[in-house]
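Open your viewer and get ready to select residues as you go.

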Amino acid sequence: MRHEKPPPSGDGTLEYVCCALGPTTEPINPLLRSVALRGAVVPRWIPNEPGEEEALLEALQISSVEQLFRDVPKKARIGRLGVGPGREEPDVVCEVDRLLDRNKPLAKFASFLGGRISNRYSPAAVDAMVSRSEFYTSYTPFQPEASQGMLRVLFEFQSLWVELTGLDVANASLYDGATAAGEALLFCRRLHEGHRFLVPASLPWEEKSVLENYASGPGLRLEEVPFDERTGRLDLDFVRRALSAGDVFGLLADIPNGFGHLDEGVADLKGILGDVPLVVAADPLSLSVLEPPGRYGADVVVGEGQGFGIAPSFGGPLLGLFACRAEHVRSAPGRIVGATQDVEGRPAFALTLQTREQHIRRSRATSNICTNQSLMALAFTVYATVVGPRGLATLQASIAEKARTLASALGGIEGLKAPRFDAPYLGEFTVEVGRGTGEEFLDRLRRKKILGGIPLGDPRSRATRGAERILVAATDATTDREIQKYARAARAAIAAVGRSE
Amino acid sequence: MTFRQARWDEPDVWDLAPSPVREAPPEIPGVPDRLRRKELVRWPELAELEVVRHYTRLSQMNFGIDTAPYALGSCTMKYNPKVSEMLARRPGAAGLHPYQPEATAQGALELLWRLERILAKVTGLPEVSLQAGAGAHGEWAALLMVRAYFRDRNELEHRTEVLLPDTAHGTNPASAMMAGFSTREIRSKDGCVDLDALRAAVSDRTACFMLTNPNTAGLFESDILEIAETVHGAGGMLYYDGANLNAILGVTHPGRMGFDVAHLNLHKTFATPHGGGGPGAGVLAAGESLAPYLPVPRVVKSGRKFRFDYDRPKSIGKIKTAYGNFGLDLRAFAFALTHGEEGLNHVARRAVLNSNYLASKMGQFLPRPFRSLVKHEFLLSGAPLKARGVRTLDLAKRLLDEGVHAPTIYFPSLVEESLMIELPETESKRELDQYIAAFERAVTDTAENLHAAPRSLAVGRIDEVRAAREPRLSWKDLRSAAAAKVEAPASVGPAR
């Protein structure tokens, strides 16, 4: 049996042939593929012992699989998909590697990229646990007796986010930090009347856009709270005025904020908001050294958990964190694991309070979420446990120290304002480029193998695409040499922009 | 074979070692005192080996596809190829930051672009976005696109209703609600959409009809072309819930059936692992009318270069951080590449063959509602067991004792005491026969044994009522309960 030469797919989707293992003329490799009825060459992942398909057909007293599709009307049938022939496993590996070789991963650069996505080292033990296939090949634990392992992991995960935030209840995860903030917005609306939701003007454009989408369905509006140009702090008088105008059902503040800085004012917000719910979006590592937001009145704490043992992986999968107060748990979105016992009184765990959820409550559910990020919740929990509470705080302190070294190295450069804001920070801060745009500056750094930060503008708008502000992050891997290299390259880049102007 | 799951008396992680609570975290210069944490996070300090043992033991008290056939209907629990796991961990994939310059991530962009082209062909809908986090997230985003479309046509004022069949997944009505629509259920006839009921229901209020095909009864909606005509005739959009796409790969596709927009679950059809509940990866595919509304950025090819395009003025914007779950997109790409044209079609053929074989055999033990020809999954009704005082829940628990995972139970609700069974194309005839034998032993066992199940797992039948009635949702709750020295009441009977 030989593969037939495939018709070209026209747009290049599958027609690449890579390595010496070109798929088109080689005999099939019996270790990898087999020939099914009708001569179809299929991966060994689909069982195909000689006679197997025939035996199944015989049991059904039919002569061909085609008869099982007689309920699909002829007019609804398609011909070929046009995706090209299948490939041998080594050829697929080769092809994917060829693509991945065209990427330059962060390790090839001195990277100062952060935002909500971190490239912190993850101890190998984390991936080893995530790679336990009892975990990663399991489904949502609908049969709790068969799934105590994952349920207990999720209960530990919920407990950890409760300890970090100072709140009472956490759910078993949401997609990512931005969608967790979106769910928090809808959650606030269930707790409080109104149509206006306040967010910092400094919130990253991406998160604002996600929040706008969550708000749009039920006809709610985002309103931006301006910040102080010197410190980046929220304008609390604006918040007071907005509240007295009425119709506000919640406010979200982030810590660190979109500029990477800490805004002491968040601790005053609940006093101003009164019974209007306060959402705090917090970086989990920062909570190892910062006051738990529950202590200063946060009603909800959301966050992006990726930095705890999850690879950046071009932005996904990530991990959405959500915690709230016990009295509001029945309004919370997402799955929740509870402790109970079995018939013999042994401790046991199960998904609980499910009457909030879509599979029971349908159009009256608190959220539509079904699949969440359980495996990432496992990574988060194992990471925190391997590193330990002392380790987490020490790690944050050491990253903060590197960020300070970086700020002072960049701060002295003419044409750069680093940090841009006069406010405390932990691992990241905003830099303002005095000449040219942030993107030009970053392009020049990249030629020196430095990823110097993230432009803070909204790429959808021509006006802000070329913004001069960039978010610069230190990581656990940042070295003094890299900081000095950044400073030298930054000085040269700014000077070069000056010359070309 | 007698099955016995590991039963470790493993403490919770916080009971393995003390937490250094009275210690202050290191001071960070500049952090104002009011924002400073006064005590370390309460969490145990453990040696790495202790941590590894703890989570390894927990893993041994968990079913996975790698340990047992997982017959959950509508979940498509197929083999998760190991090669995809290996590839997703390569530094060129795992070590990419979403905000690094496009020029340094050309391979990732090309992979996304090529996967989108493959999925456009698989769905028959020309434009694809991979941004959605999972299926339900894709449903919601698609409905926001429908909303934006009708807003642009000044029809949103009156097109406020989403129609769905009574067999719809719960996520459909929940997504419709989140997207600001009201919902209306269309009753089924013999397990499929009642065309007359649909015709009576559509109107100029109809924004969208959401349909899964094959549906959750495992039946192909053979009236699909008439359904499409009816919905379009009323000016509405037709939405394809791709949860059950596995059954029709290469046979038909949403585009040919007349759908305007679709979501797919890469964690079902394209074999990315379910991860104990997630991560998933949702695909949005749209026809011409809705394509301009897809989330930004879109991946485009200009010349030989790939880049993100944000210049889509009609786009609904962002629905999630970054561009979706790249790690899973890569796995799905490897899956598609390995299967190719023939392989993908064979997936559907074998999945449907497996399902019909199982249905014909298992139908000997319990009644099958509706017609006998099914697609990738089928329903049984446990109603006759009630005469013996046995419920579908008991049967599910008894099946676990056979070392196999139970079907989806009590869904869809149009069948009394329903079991929804799906064992996809990666299960061999031997595994199917073993499942059938296990099912026979379970269904013919005594009521006493069925009520007492499961007995071979890490724990016995769990009291789920108690979990909801006295919620203890974290270590903090356990501490307060212990502090209050609440005497645990005697256990109650099996959960219902």
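Which residue stands opposite F378(B) in β14(B)? Keep in mind as you look that this is a predicted model. Select F378(B), and across from it you will find I421(B) in β14(B).

**Stop 1: a three-stranded sheet in chain B**

Now widen your selection to the strands around that pair. β12(B) and strand β14 (residues 418-421) of chain B run antiparallel to each other and are joined by four bridges. They belong to an open sheet of three strands, in the order β12-β14-β13 (chain B), with antiparallel pairing. The edges are held by β12 (378-381) and β13 (408-409) of chain B; each has a single partner strand, so one side of each has no neighbour in the sheet.

**Stop 2: a seven-stranded sheet in chain B**

Stay in chain B and find another open sheet, this time of seven strands. Their order is β1-β9-β8-β7-β6-β2-β3 (chain B), and the pairing is mixed. Here β1 (127-129) and β3 (182-186) of chain B are the edge strands, each with a single partner, so one side of each is left without a neighbour in the sheet. From one strand to the next, the twist averages 20 degrees.

Select β1(B) together with strand β9 (residues 282-286) of chain B: the two run antiparallel, and three bridges join them. Within this pair, S129(B) is opposite L284(B) in β9(B).

**Stop 3: a helix in chain A**

Switch to chain A and select helix α9 (residues 266-273). Which of the residues of this helix are buried? They are V266(A), L269(A) and L273(A). Look down the axis of α9(A): the buried residues fall within an arc of 15 degrees, so they line one face of the helix. An α-helix has 3.6 residues a turn, so residues three or four places apart point the same way.

To see what the buried residues of α9(A) pack against, select α8 (236-245), β7 (248-255) and β8 (278-282) of chain A. Then go to G274(A), which follows α9(A) and has a positive phi, near 60 degrees.

**Stop 4: a buried strand in chain A**

Now select strand β14 (residues 428-433) of chain A. Five of its six residues are buried, so β14(A) is largely enclosed by the rest of the structure. Strand β13 (residues 416-417) of chain A pairs with β14(A) in the antiparallel sense over two bridges, and K417(A) stands opposite E432(A) in β14(A). Strand β17 (residues 469-473) of chain A is also an antiparallel partner of β14(A), over five bridges. There, E428(A) is opposite A473(A) in β17(A).

**Stop 5: the domains and the contact**

Zoom out and colour by domain. Chain A is divided into domain 1 (1-87), domain 2 (124-383) and domain 3 (388-500). Taken over C-alpha atoms, the centres of domain 1 and domain 2 of chain A are 45 Å apart. Chain B is divided into domain 1 (13-59) and domain 2 (84-338), with 42 Å between their centres, again over C-alpha atoms.

Finally, show both chains. Their contact takes 174 residues from chain B and 168 residues from chain A. On the side of chain B that touches chain A, the largest share, 23 residues, comes from helix α10 (residues 326-362) of chain B. By class, that side of chain B has 90 nonpolar, 54 polar and 30 charged residues.

Technical notes. Residues are numbered from 1 along each chain as its sequence is written. Chains are lettered from A and ligands numbered from 1 in the order in which they are written. This is a predicted model: local features need pLDDT of at least 70, side-chain atom pairs count only at pLDDT 80 or more; totals for chains, interfaces and linings use all residues. Two strands pair if DSSP finds at least two bridges between them. Axes are lines fitted to C-alpha atoms, for helices over the stretch in contact, and angles run from 0 to 180 degrees between N-to-C directions. A residue is buried if 20 or more other C-beta atoms lie within 10 Å of its own, exposed if 12 or fewer, and partly exposed in between; C-beta atoms are placed from the backbone. The arc is that of the directions from the helix axis to the C-beta atoms. Two residues are in contact if their C-beta atoms, placed from the backbone, lie within 7 Å. Ala, Val, Leu, Ile, Met, Phe, Trp, Tyr, Cys and Pro count as nonpolar, Asp, Glu, Lys and Arg as charged, and the others, Gly among them, as polar. Domain bounds come from an automatic or database domain assignment.
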